[in-house]
Amino acid sequence: MIDLGNKKLERFSLPEEIVGEKVILVPRTHEFDEALWKLIDSSREFLREYLFWVDDTKSLQDVKDVTSIFMDNWQKQNSFEYVFLEKNSRKLVGAGGIHTISYLHHWAEYGYYLSKDEVGHGYITEAVRLLEKELFNKGIHRLVITCDVNNHASAAVAKRCGFELEGKLREARFAYGQYRDELLFAKINKA
């Protein structure tokens with residue numbers, strides 16, 4: 001094993017635009033609040049099964065408040081939230097990014113969601129791969145995706161992107177009056 005000492009990663013930023021074959025990632029700003037509100041509200045039942053913040057998102061103002069938090073975290077380099085735009089039309093199809101970064105331990109965790117109408121086009125898979133490349137280039141050693149044990153679509157994204165299932169986190173979340181298990185997937189930077 002290589003001795004890295006106690007080297008903490010220096011804080012970094014990520015690009016303001018990441019372009020893939022199908023999707024473009026741009027930072028979440030207030031410019032997208034109305035489109036995000038429409039996406040969340042129109043996909044509410046679809047999203048709420050696994051995204052437990054959906055019920056607390058009751059208005060455009062709620063979206064604006066969360067966007068402000070994400071923008072502040074971006075400036076502090078604590079997390080990086082993007083919106084996902086379909087490449088040709090630039091229509092907002094989803095959002096997500098890196099919600100947790102440990103500069104001390106060299107790891108980061110993904111989070112993402114998609115409009116119910118945009119499932120099956122490969123947008124999330126491509127976004128995960130694009131962000132993975134950026135993060136590994138910045139020195140992140142370990143990437144993590146967690147999802148509800150019944151969220152087969154999110155688990156499939158992790159597997160398609162080469163993440164390995166490391167285990168089940170028993171009763172890791174309390175939502176809708178019950179404890180729920182989560183799956184933990186991870187990918188190690190081999191470079």
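Q: What makes two strands of this predicted model count as a pair?
A: Two strands pair if DSSP finds at least two bridges between them. In this predicted model, the pairing builds an open sheet of eight strands. The order is S1-S2-S3-S4-S5-S6-S8-S7, and the pairing is mixed.

Q: Why are S1 and S7 called edge strands?
A: Strand S1 (18–19) and strand S7 (164–175) each pair on one side only.

Q: How do you know that S2 and S3 pair, and in which sense do they run?
A: Five bridges join strand S2 (residues 23–27) to strand S3 (residues 80–86). The cut-off is at least two bridges, so S2 and S3 count as paired. They run antiparallel. Leu25 has Phe84 of S3 as its bridge partner.

Q: What makes helix H1 a helix packed on the sheet, and which strands are touched?
A: Helix H1 (residues 33–42) touches S3, strand S4 (92–102) and strand S5 (107–114). Contact means heavy atoms within 4.5 Å. The direction of H1 makes about 100° with that of S4.

Q: Which strands does helix H4 touch?
A: Helix H4 (residues 123–137) packs on the sheet and touches S1, S2, S3, S4, S5, strand S6 (142–148) and strand S8 (178–188). Its direction makes about 160° with that of S5.

Q: How do you know what span to expect of H4?
A: The rule is 1.5 Å times one less than the number of residues. H4 has 15 residues, and 21 Å is expected. From first C-alpha to last, H4 reaches 21 Å, close to that expectation.

Q: Why is H4 called mostly covered?
A: Eleven of its 15 residues are buried. Buried means under 20% relative accessible area. Among the buried residues of H4 are Tyr123, Glu126, Leu130, Glu132 and Phe136.

Q: What follows H4?
A: Gly139 does, with a positive phi near 105°.

Q: How do you know that S5 and S6 pair, and in which sense?
A: Three bridges join them, in the parallel sense. At least two are needed, so S5 and S6 count as a pair. Trp107 stands opposite Arg142 in S6.

Q: Why is S6 called largely enclosed?
A: Six of its seven residues are buried, so the rest of the structure largely encloses S6.

Q: How do you know that S7 and S8 pair, and in which sense do they run?
A: Eight bridges join S7 to S8, and the two run antiparallel. Leu165 has Phe185 of S8 as its bridge partner. The hairpin of S7 and S8 has two residues between the strands, and Tyr176 takes a positive phi near 55° there.

Q: Why does Ser102 count as buried?
A: Its relative accessibility is 11%. The limit is under 20%, so Ser102 qualifies as buried. Ser102 lies in strand S4. Its C-alpha is 27 Å from that of Asp56, 46 residues apart along the chain.

Q: How many of the 191 residues count as buried, as a percentage?
A: The share is 47%. The protein exposes about 10,700 Å², with 49% supplied by carbon and sulfur atoms.

How values were computed
Residues numbered from 1 in each chain as written. Predicted model: local features only at pLDDT ≥ 70, side-chain atom pairs only at ≥ 80, totals over all residues. Heavy atoms only, no water. Helix = DSSP H or I, 4+ residues; strand = E, 2+ residues; numbered from the N terminus. Axes fitted to C-alpha atoms, helices over the stretch in contact; angles between N-to-C directions. Buried < 20%, exposed > 50% of the residue type's maximum accessible area, 1.4 Å probe, protein only. Areas by Shrake-Rupley, 256 points an atom, 1.4 Å probe, with all protein chains shown as cover.
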